[in-house]
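Here are my comments on the aromatic side chains, as you asked. Have the model open while you read.

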Amino acid sequence: MLGSTVRRLRWQGSSLSSSIWVKDCSFQRFLVPEGNGSIGKGNYAASSIFQTESYANRSNNTSVVGLCSSLLETTALVLRNRGGGARRPRPHLVRARQQRNKTTTDTDTDAYSAIELALDSVVKIFTVSSSPNYFLPWQNKSQRESMGSGFVIPGRKILTNAHVVADHTFVLVRKHGSPTKYRAEVQAVGHECDLAILVVESDDFWEGMNFLELGDIPFLQEAVAVVGYPQGGDNISVTKGVVSRVEPTQYVHGATQLMAIQIDAAINPGNSGGPAIMGNKVAGVAFQNLSGAENIGYIIPVPVIKHFLSGVEQSGKYVGFCSLGLMCQPTENAQLRNHFKMPPEMTGVLVSKINPLSDAYKILKKDDIILAFDGVPIANDGTVKTEMHFLLRVFLEQGTTFVLSHWYPLLQVPFRNRERITFDYLVSMKKPNETAVVKVLRDGKEYEFSITLRPPKLSGFVHPGKLQPLVPVHQFDKLPSYFIFAGLVFVPLTQPYLHEYGEDWYNTSPRRLCERALRELPKKAGEQLVVLSQVLMDDINAGYERLAELQVKKVNGTEIENLKHLRQLVENCSDESVRFDLDDERVIVLNYHLAKVATSTILKRHRIPSAVSDDLVEAEDSLGLAFACSS
């Protein structure tokens, strides 16, 4: 119900009829059972445990459970009614029914409220960007201009989407009602979660600006207002819609799967980075829509936003979302479960692959069955759900005191009764270097292991909990690496490199490189797949031009680990000739001294400023400095 901090939903219990009133707290739910029940006033206290107390002076044998925690910042009153008899009308139930009848009015009110909040909070962002040319990695493509939206958050910062400022060279912002554009700097970018923070130094910009507060995950059918500067006009725009779905969704920009909220409000180019407002708080950040469909947009929910912001505040930069480093298979087939000695009541997922670079590689094994993550049971399809009704039933029937930390893992799943979510969400919400307790079934015996979770390498974004590929999926805000020797252009393989073959790159790019980019996994840290991108023609390399687009495997008989290693092997060559072993058993042999002389000539002919990319030079300089300090 809109415009109120009290919400309502139902559950059915086989042996319990009870009611809960949770107000002004992180859950913000109003639970009413099917059957007889009674509701009383909520008692607000400060305790870190669940307590059960009986009231003898009540004829209907009602129990009260007070729930409060410094972690949850909430207090709940639970009344249990085992007796019959007529129920008296409750004033707040009447108000709830009246509130439901005012949905249309409240929707309009929220839209007007969103406009009032947005006028002094939402800004228009102007970005000049220049993407790298992966076929000619020493230069950028032509610069382009784009526009997006953003909004002010506490700390004199602006929150927007990462794709709004990706590969930026210059960023300006303009507030509502002002003709002046102010220079902005990008403080932090999380391409994985498609979020970025901007800062503006000018004090004039901040005059009259108000920050927006972050709210909670909205319920289904709750109304939201998306505010921003979409295409088709220059002034601020507000579109209304309702929440249709809340579940993990593919983030197009970062090629990851994180929590997202689907709404039926229109999200068009230019809306990206604008807030979705519910009541007087932000329910999410608009970031993408579903192509080919009408009025299906997506917003980034508050838990993902807070994870991004907390990481930046603690470390000063974006730290990423944690990964378990596993590839798991559902165990929905009965024969599969019997093979791995799973009893009928046991559920879990099968470990099929483990990232050799992850902490789980030393602890878990292939064919382990993951039964639970941090105390939350995992279903055979890999999903988890909040058993809130089961938890409260235990409290009411036992009539004892329970320490909150014992039940905290169940409360951590921010989903409602009968709504499920993949356990990868639990993994992604862990803080970097935080440990998780994983319960597994191995050879018919149950074990519990503590595993440290870390973000995957940020140059290649992956689904949290899944494997990190050898070939990076995305690469933003930096030029690609390259090394040129005798006209041979060597580059590390990335998916953006394959994207240069066009929109249908999967079919038009070299088939073998494409398959390796999608399938191969790293075996050790720093590993890269190096390819001969092209041959800049010269007398020194005549006849080798048809060997482009092949993987380089060895230099003078030594297997290469990455592009930096290849460069070191070439420049430290002491033989008369240098030999490159390529894929398909192809070989390139060059006279080393003649090749070095030809390199400078080829660079001048093609107006290439350097034979080595800046990142390789900086890595070499830092390595030399480290050696100098150690000596």
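The points below go through the aromatic pairs and the charges over rings.

1. Keep in mind that this is a predicted model. A search of the whole structure turns up 14 aromatic pairs; I pick out two of them here.

2. Start with Phe-135 and Tyr-501, whose ring centres are 5.1 Å apart with 85° between the planes. That makes the pair edge-to-face, because the angle is over 60 degrees. Phe-135 sits in the loop between strand 7 (122-129) and strand 8 (144-153), while Tyr-501 is in the loop between helix 9 (495-499) and helix 10 (505-508), so the contact ties together parts 366 residues apart in sequence.

3. Phe-135 is partly exposed, at 27% relative accessible area. Take a look at Tyr-497 too: together with Phe-135 and Tyr-501, Tyr-497 makes up one aromatic cluster.

4. Next, Tyr-251 and Phe-287. Their centres are 4.6 Å apart and the planes meet at 40°, so this pair counts as tilted. Tyr-251 belongs to strand 15 (residues 237-251) and Phe-287 to strand 18 (residues 281-289), so the pair links parts 36 residues apart in sequence.

5. Finally, check two charges over rings. Lys-175 lies over the face of Phe-205, 5.9 Å from the ring centre. Arg-511 lies over the face of Tyr-506, at 4.6 Å from the ring centre.

Conventions
Residues numbered from 1 in each chain as written. Predicted model: local features only at pLDDT ≥ 70, side-chain atom pairs only at ≥ 80, totals over all residues. Heavy atoms only, no water. Phe/Tyr/Trp six-rings, centres within 6.5 Å; stacked < 30°, edge-to-face > 60°. Helix = DSSP H or I, 4+ residues; strand = E, 2+ residues; numbered from the N terminus. Buried < 20%, exposed > 50% of the residue type's maximum accessible area, 1.4 Å probe, protein only. Lys NZ or Arg CZ within 6 Å of the ring centre and 35° of its normal.
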